[in-house]
Amino acid sequence: SGIETATKFIYNFRQWIEANCSKVVLVEIRDKPQGGWNREKEDKSIFDLVTRPALLTQNNLFRFQEYQQIRQLERLKNMLGPSFERVVFEYKPKDESHPASLSFHLTQREKRDIILSLNHEANRYSFGRVKKFLMINPINSGDVQFYK
């Protein structure tokens, strides 16, 4: 999901960031809620029963990765304090039983569902937070407005 890469980048450049930035905003885009791998699926067919061991292994791997990511984010928060913010955008399918496949070959229905998810209350709140962070300390330079 990019959390590990982003946290390593921030950690490696922390001295420069602390000297030159008033705030670090980490924008996270998720395809399922945190802890979304914990939902057990009922076995409905013989295929489900056969593939269950592999899916359990995969789900445990994702749980471990998510745990590691949470720990990395907590370390960043402790290191940067109130100058660190995390903003999460999350895909919220209109119909939980028919989410988008999130592959490179989306159907028109899946594309529409993802776009509509941007209007979900939690995502609108996240857009407001990002907008607020971008409006902190405006710096004017000619016709272009920059933000520190």
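These exercises work through helix packing, salt bridges and ring contacts in the structure above.

The model is predicted: local features need pLDDT of at least 70, side-chain atom pairs count only at pLDDT 80 or more, and totals for chains, interfaces and linings use all residues. Residues are numbered from 1 along each chain as its sequence is written, and side-chain values use heavy atoms, leaving out hydrogens and water.

**Exercise 1. Find the buried face of helix H4 and what covers that face.**

Step 1. Locate the element. H4 spans residues 108-117. Helices are DSSP runs of H or I with at least four residues; strands are runs of E with at least two; both are numbered from the N terminus.

Step 2. Pick out the buried residues. They are Glu110, Asp113 and Ser117. Buried means under 20% relative accessible area, exposed over 50%, and partly exposed in between (1.4 Å probe, protein chains only).

Step 3. Look down the axis. The buried residues of H4 fall within an arc of 60°, so they line one face. The arc is taken from the directions from the helix axis to the C-beta atoms.

Step 4. Turn to the other face. Exposed Gln108 and Ile115 sit on the face turned away from the buried side.

Step 5. Name the cover. It includes strand S2 (84-90) and H5.

**Exercise 2. Trace the salt bridges of glutamate 85.**

Step 1. Apply the rule: a side-chain nitrogen of Lys or Arg within 4 Å of a carboxyl oxygen of Asp or Glu. The count comes to seven salt bridges.

Step 2. Take lysine 23. Its closest N and O atoms to glutamate 85 are 3.7 Å apart. Glutamate 85 is in strand S2, and lysine 23 is in the loop between helix H2 (14-20) and strand S1 (24-30), 62 residues apart.

Step 3. Take arginine 129. It meets glutamate 85 at 2.7 Å, N to O. Arginine 129 lies in H5 and glutamate 85 in S2, so this pair ties together parts 44 residues apart in sequence.

**Exercise 3. Classify the ring pair of phenylalanine 9 and phenylalanine 13.**

Step 1. The whole structure holds two aromatic pairs. Rings of Phe, Tyr and Trp (its six-membered ring) pair if their centres lie within 6.5 Å; planes under 30 degrees apart count as stacked, over 60 as edge-to-face, the rest as tilted.

Step 2. The centres of phenylalanine 9 and phenylalanine 13 are 4.7 Å apart and the planes lie at 40°, so this pair is tilted.

Conventions:
Contact means heavy atoms within 4.5 Å.
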